[in-house]
Structure formats: structure tokens, C-alpha cells
Amino acid sequence: MLTLKMRLAMAVLLLACLLPLPYGVYILIRLFATIGFVMLAVEYHRSQRPLGIVTVVFLALVFQPLLRLPLTREVWIAVDVVVAAGLILDYFVTKRRYRLQQRLAPGQNPADSPEIQASVCNGGCSCKGEAIVESQIRAEQAQHAQK
């Protein structure tokens with residue numbers, strides 16, 4: 001759950017880079033972003049999401065402050081906005097995944113859950129499976145109401 005909130009914190013930090021700040025602050029934000037992306041890579045590894053692992057490892061390499069990429073300010077602004085938007089989107093997808101995971105039987109592997117598989121498309125985005133999961137939730141609620 002820590003990495004869930006960390007996604008939003010990283011998005012806010014990256015959006016703060018749009019402001020005119022001293023250069024040292026940008027380096028500090030890049031350091032925090034690198035650490036955050038490494039933590040997300042560990043989470044994605046645990047939840048068996050290989051596309052997520054590759055993505056955040058690439059982002060960790062882009063944002064690492066030791067070997068700086070020679071990008072202009074305008075390019076960095078675009079990168080910061082796109083990555084922040086991706087982190088916010090990933091926050092909502094992962095939050096939904098956690099919510100579904102709490103509904104699983106004890107000991108059931110979340111990756112084997114048809115609900116999670118139905119709600120996740122390529123790369124972790126919700127699409128057609130959304131309606132399937134919502135209908136399953138409504139059906140379960142109706143069953144509990146009848147009891």
C-alpha cells in the first residue's frame with residue numbers, strides 16, 4: 001500500500017518540475033524518482049507484471065541523476081507530464097487491483113483470479129473486463145442480500 005501512495009507523491013514531484021526551481025531541487029527530485037521507480041519494479045516483480053518491470057526500470061535509468069541525459073528543458077517538461085499522467089493512471093488501476101484482491105479467498109493467488117484477469121488488459125489498463133467485474137460484484141451483492 002506504501003507504493004500506492006508513492007505513485008501519487010512521485011506524480012506531484014514530477015509536476016513540481018514544471019515550476020522554475022533551483023537546479024539542485026531538480027536533481028533531488030530525479031533521485032527520489034529513481035528510488036521510487038526501483039521500489040515499483042520490486043512491486044511489479046512480486047505481482048508478476050513483466051511489462052511494468054521493464055517500464056519502471058527504463059524510467060529509473062532515465063531519471064537517475066548520476067549520468068544525466070542531455071535533454072532540453074522542453075523535452076524534460078514533456079517527459080515529466082507524461083510520466084506523471086502514467087503514474088496517476090497506474091495509481092487508479094493498482095488501487096482497483098488491491099480492492100479486487102481483498103475480495104479473494106485466503107491463499108488464492110491474485111494472478112489466478114478471473115476477476116483480476118478480466119479487468120486487466122495488456123499492460124495493466126482496464127477496458128472491457130470492467131463491465132464483467134462490475135456485473136460479478138453486483139451478482140455477489142445480490143446473493144448476499146438474498147441470504
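Modeller: Let us start with contacts: in this predicted model, residues 24 or more positions apart account for 61% of the contacts in the protein chain that have a separation of 6 or more.

Colleague: What makes up the secondary structure of the protein chain?

Modeller: The protein chain has six helices and zero strands, and its pattern, read along the sequence, is α-α-α-α-α-α.

Colleague: How many residues of the protein chain are buried, as a percentage?

Modeller: Of the 147 residues in the protein chain, 33% are buried, a label that requires under 20% relative accessible area. The accessible surface comes to about 9,300 Å², and 70% of that belongs to carbon and sulfur atoms.

Colleague: Which residues touch the most other members of the largest nonpolar core?

Modeller: They are Leu14, Phe37, Leu40, Phe63, Val83 and Leu87, in a core of 21 residues. At least two residues of this core come from each of α1 (2–16), α2 (23–46), α3 (50–63) and α4 (73–102), while α2 gives the most, with seven residues.

Colleague: What is Leu14 in contact with, leaving aside its neighbours within four places in sequence?

Modeller: Contact means heavy atoms within 4.5 Å, and on that basis Leu14 is in contact with Ile29, Ala33, Phe63, Asp80, Val83, Ala84 and Leu87.

Colleague: Why are the buried residues of α3 said to line one face of the helix?

Modeller: The buried residues of α3 are Gly52, Val56, Leu59, Ala60, Val62 and Phe63. Seen down the axis of α3, these buried residues fall within an arc of 160 degrees, and therefore they line one face of the helix. On the other side of α3, Pro50, Val54, Phe58 and Leu61 are exposed, a label that requires over 50% relative accessible area.

Colleague: Where does UniProt place the feature "transmembrane region"?

Modeller: The unreviewed UniProt entry places it at residues 6–29, 50–69 and 75–93. In the model, residues 75–93 are 100% helix and 0% strand, with end C-alpha atoms 27 Å apart, whereas residues 6–29 are 75% helix and 0% strand, with end C-alpha atoms 13 Å apart.

Key: Residues numbered from 1 in each chain as written. Predicted model: local features only at pLDDT ≥ 70, side-chain atom pairs only at ≥ 80, totals over all residues. Heavy atoms only, no water. UniProt positions renumbered as here; feature names shortened; annotations may be inferred. Helix = DSSP H or I, 4+ residues; strand = E, 2+ residues; numbered from the N terminus. Core = buried A, V, L, I, M, F, W, Y, C linked by side-chain atoms within 4.5 Å. Buried < 20%, exposed > 50% of the residue type's maximum accessible area, 1.4 Å probe, protein only. Arc of directions from axis to C-beta. Areas by Shrake-Rupley, 256 points an atom, 1.4 Å probe, with all protein chains shown as cover.
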